[in-house]
Amino acid sequence: MPKSRSQYVCHQCGGEFPQYFGKCPACGEWNSLVEQVVTAPAPGRATTLATPRSASKSRPPQSSRPLAALTLAEISDYPQSRLTSGYTELDRVLGGGIVPGSLVLIGGDPGIGKSTLLLQVANQLAQQYPILYVCAEESGQQVKLRSQRLRIGERKAEEGRRKAEENEGTEVERWESEPTAANSKRSPKRKSTSSETSPDSPGSSLQGLRSRSANTPDSSLLTPDLYLLPETDLETVIRELESLRPQVAVIDSIQALYFASLNSAPGSVAQVRECTSALMQVAKRNNITLFIVGHVTKEGAIAGPKVLEHLVDTVLYFEGDRFASHRLLRSVKNRFGATHELGVFEMADVGLEEVKNPSELFLGNRDEQTPGTATIVACEGTRPLVVELQALVSPTSYASPRRSTTGIEYNRLLQILAVLEKRVGVPLSKLDAYVAASGGLNVGEPAADLGVAIAVAASFRDRIVDPTTVLIGEVGLGGQVRPVSQMELRLKEAAKLGFKRAIIPSSQAVSSSELEIIPVSRVVDAIAVAM
Ligand code: TYD
Ligand code: MG
């Protein structure tokens with residue numbers, strides 16, 4: 001067993017110290033030192049790595065030189081294709097499906113639905129592959145209760161019944177036999193260890209949902225290889241991963257896991273980092289895809305997913321308004337695809353459902369007769385979203401007027417109000433201004449500027465903006481309307497939803513057969529044509 005010791009690393013400058021300091025002696029940052037365990041390398045390995053390259057005059061042929069650099073042409077292609085998770089919204093955010101052997105971090109506020117999403121995904125994947133779900137925060141019974149609430153068995157059975165009806169019985173036979181064949185091909189390669197025979201062994205805490213769910217009438221249709229492990233000890237989890245060797249494993253959550261060799265409490269930066277890197281090594285060695293859940297935390301004592309972002313391949317955030325039913329899955333880092341992709345789900349009584357046409361959701365219950373409402377087309381990654389903006393301006397009763405935003409950047413509203421006052425002549429300095437994007441979406445991009453300006457101006461003049469018009473454009477400080485990215489994509493989405501006109505920057509004027517394009521170069525021109 002290699003020796004291990006603790007050291008303290010500054011997460012700002014990377015300085016390493018043998019003891020804890022409140023202030024980093026290297027960079028002067030306060031409270032930036034975190035504990036890390038350093039394990040001395042095994043002697044054999046150290047000798048191999050220390051061999052100087054010049055000593056290898058009689059080097060073996062290129063292919064068997066693991067340490068030598070290779071050209072791209074010499075490197076073989078990535079061997080495996082991606083797995084589909086059963087949810088197109090998730091697959092798109094991952095860049096086209098799950099990459100085998102990758103490490104995916106799913107962050108989000110507690111209670112937003114991370115466990116629900118991953119249990120549903122795990123169940124879908126378990127139709128074909130062995131899956132391990134480490135429920136470190138809940139007991140097996142609690143997870144089973146959730147799976148019953150999600151009607152995990154029944155839905156599959158319903159699907160099977162529907163297919164059977166459609167194909168008059170021929171399809172169902174194939175469907176029934178398919179998962180079994182897949183399972184026998186990829187059955188868990190559990191190694192028989194002596195510890196597994198003991199009743200207290202970690203293996204005994206595993207429960208296959210498959211065996212427990214045999215009480216539903218159609219349970220013959222339900223054959224998921226979904227194994228639950230209610231365990232917080234990291235070493236037990238690693239042992240189980242190595243013995244079961246699932247295709248995909250879910251760690252729910254990383255803050256609940258505990259590495260006994262570290263003195264710090266579960267959830268601390270040191271614990272979270274050590275647990276993640278240990279899991280990563282096991283996963284990469286066995287080609288297991290890991291989904292790691294990390295709660296976003298407000299307190300400094302519990303490490304949030306931010307401290308893990310550099311370690312993992314993909315970082316997804318699951319967000320949404322707790323009081324609204326839809327949830328957004330966003331990718332902020334992806335080694336295997338584009339970032340800023342968006343997946344939209346809706347939390348229903350029976351779990352998360354995919355929202356295939358999110359624009360309809362964000363358009364809300366449109367009230368076309370309310371002054372101060374404008375429609376924009378925002379883009380999230382490659383996904384255009386038509387969103388309704390509402391503005392309200394009213395005389396202030398404060399010394400300085402109030403400005404408030406929901407889903408729009410506060411500073412951009414201030415800038416747009418200043419432009420309206422100075423360049424268009426709308427006197428807003430004695431008025432409160434409130435602007436909100438419908439559906440709880442956060443529209444961070446400047447393409448929303450023109451919509452905000454028109455909505456505020458319409459509320460000021462008490463006018464109704466033509467409900468069949470969308471507004472796309474950035475507003476400059478001089479009152480000019482500036483070009484935005486992905487214009488064609490935005491126009492297509494607006495046309496698809498039945499809009500008739502689009503007010504866009506004149507420098508981007510395109511011809512469209514589906515929409516009447518109104519090019520404008522200044523905000524004042526846009527106000528004139530929009531209402
Ligand atoms: P959960 O997945 O436990 O959140 P997280 O793992 O991110 O902490 O989701 C919890 C919330 O989801 C809870 O407030 C109840 C709600 N919920 C539903 O509305 N419908 C459902 O079918 C389920 C399972 C949960
Ligand atoms: Mg949870």
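Analyst: Happy to. Helix α8 (residues 234–244) and helix α9 (residues 269–286) pack at an angle of about 10°, and their axes are 10 Å apart. Axes here are lines fitted to C-alpha atoms, for helices over the stretch in contact, and angles run from 0 to 180 degrees between N-to-C directions. Helices (H or I, at least four residues) and strands (E, at least two) are DSSP runs, numbered from the N terminus. Because of that angle, α8 counts as roughly parallel to α9; the term covers angles under 35 degrees, with over 145 roughly antiparallel, 65 to 115 roughly perpendicular and the rest oblique.

On the α8 side, the contact is made by L234, I238, L241 and E242, while α9 brings C275, A278, V282 and N286. Two residues are in contact if their C-beta atoms, placed from the backbone, lie within 7 Å. By class, this contact has six nonpolar, one polar and one charged residues. Ala, Val, Leu, Ile, Met, Phe, Trp, Tyr, Cys and Pro count as nonpolar, Asp, Glu, Lys and Arg as charged, and the others, Gly among them, as polar.

A word on the model: it is predicted, so local features need pLDDT of at least 70 and side-chain atom pairs count only at pLDDT 80 or more, while totals for chains, interfaces and linings use all residues. Residues are numbered from 1 along each chain as its sequence is written, and chains are lettered from A and ligands numbered from 1 in the order in which they are written.

Now to the surroundings. The protein is divided into domain 1 (1–47), domain 2 (88–356) and domain 3 (360–530), with bounds from an automatic or database domain assignment.

Ligand 1 has 15 residues around it, and G113, K114, S115, T116 and G351 come nearest; a residue is near if its C-beta atom, placed from the backbone, lies within 6 Å. Helix α3 (114–125) and helix α4 (140–149) each supply at least two residues of this shell, and α3 gives the most, with three. The shell has five nonpolar, six polar and four charged residues.

Elsewhere, seven strands form an open sheet of mixed pairing, in the order β16-β17-β15-β14-β18-β21-β22; two strands pair if DSSP finds at least two bridges between them. Its edge strands are β16 (403–406) and β22 (516–520). Helix α11 (residues 410–424) lies across β16 and β17 (431–437), running at about 130° to β16.
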